[in-house]
Amino acid sequence: MENQIKKFRSSAKLSQAELAKRCKVSRQTINAIENDKYDPTLQLAFDIAAVLNTTVDELFTSGTQG
């Protein structure tokens, strides 16, 4: 699964720290998710999507879409 969090976060002009604060997690958690080193819980995925004004489907895509 690939994620588009960094793209959406940059478009929203949010730092990793600000996104983390709004989602009540650490900046390191956001960094790990963006770098595909950690899969967020479903709740965290929904929280990130809400902060970035998008959907979970838009944030996370399977690598098979083409």
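**Packing around helix α3**

The buried residues of α3 pack against β1 (2-3), α1 (5-11), α2 (16-23), α4 (42-51) and β2 (60-61). Helices (H or I, at least four residues) and strands (E, at least two) are DSSP runs, numbered from the N terminus; contact means heavy atoms within 4.5 Å. The model is predicted, so that local features need pLDDT of at least 70 and side-chain atom pairs count only at pLDDT 80 or more, while totals for chains, interfaces and linings use all residues. Residues are numbered from 1 along each chain as its sequence is written, and side-chain values use heavy atoms, with hydrogens and water left out.

- Thr29, Ile30, Ala32, Ile33 and Glu34 of α3 are buried, where buried means under 20% relative accessible area, exposed over 50%, and partly exposed in between (1.4 Å probe, protein chains only).
- Asn31 also lies in α3, which spans residues 27-34; Asn31 is partly exposed because its relative accessible area is 28%.
- α2 and α3 pack at an angle of about 110 degrees, and their axes are 8 Å apart. Axes are lines fitted to C-alpha atoms, for helices over the stretch in contact, and angles run from 0 to 180 degrees between N-to-C directions.
- The angle makes α2 roughly perpendicular to α3 (under 35 degrees counts as roughly parallel, over 145 as roughly antiparallel, 65 to 115 as roughly perpendicular and the rest as oblique).
- Gln16, Ala17, Leu19 and Ala20 of α2 make this contact with Arg27, Ile30, Asn31 and Glu34 of α3.

**Asn3 in strand β1**

- Asn3 is found in strand β1 and counts as buried because its relative accessible area is 14%.
- The Asn3 side chain reaches the backbone oxygen of Ile33 at 2.6 Å.
- A polar contact of 3.1 Å joins the side chains of Asn3 and Asp36. Such a contact is a pair of N or O atoms within 3.5 Å; within protein, one must be able to donate a hydrogen and the other to accept it, and residues adjacent in sequence count only if both atoms are side-chain atoms.
- Apart from neighbours within four places in sequence, Asn3 is in contact with Ile33, Glu34, Asp36, Leu59 and Phe60.

**Nonpolar core**

- The largest nonpolar core has 16 residues, of which Ile5, Leu19, Ile33, Ile48, Leu52, Leu59 and Phe60 touch the most other members. A core of this kind is a set of buried Ala, Val, Leu, Ile, Met, Phe, Trp, Tyr and Cys residues joined through side-chain atoms within 4.5 Å.
- Two or more residues of this core come from each of α1, α2, α3, α4 and α5 (56-59), and α4 gives the most, with four.
- Leu19 touches Ile5, Arg9, Ile30, Ile48, Val51 and Leu52, not counting residues up to four places away in sequence.
- Phe60 is found in strand β2 and is buried, with a relative accessible area of 13%.

**Positive phi angles**

- Most residues other than glycine have a negative phi.
- Lys13, in the loop between α1 and α2, has a positive phi of about 55 degrees and is exposed at 74% relative accessibility.
- Asn53, in the loop between α4 and α5, has a positive phi near 55 degrees and is exposed at 73% relative accessibility.
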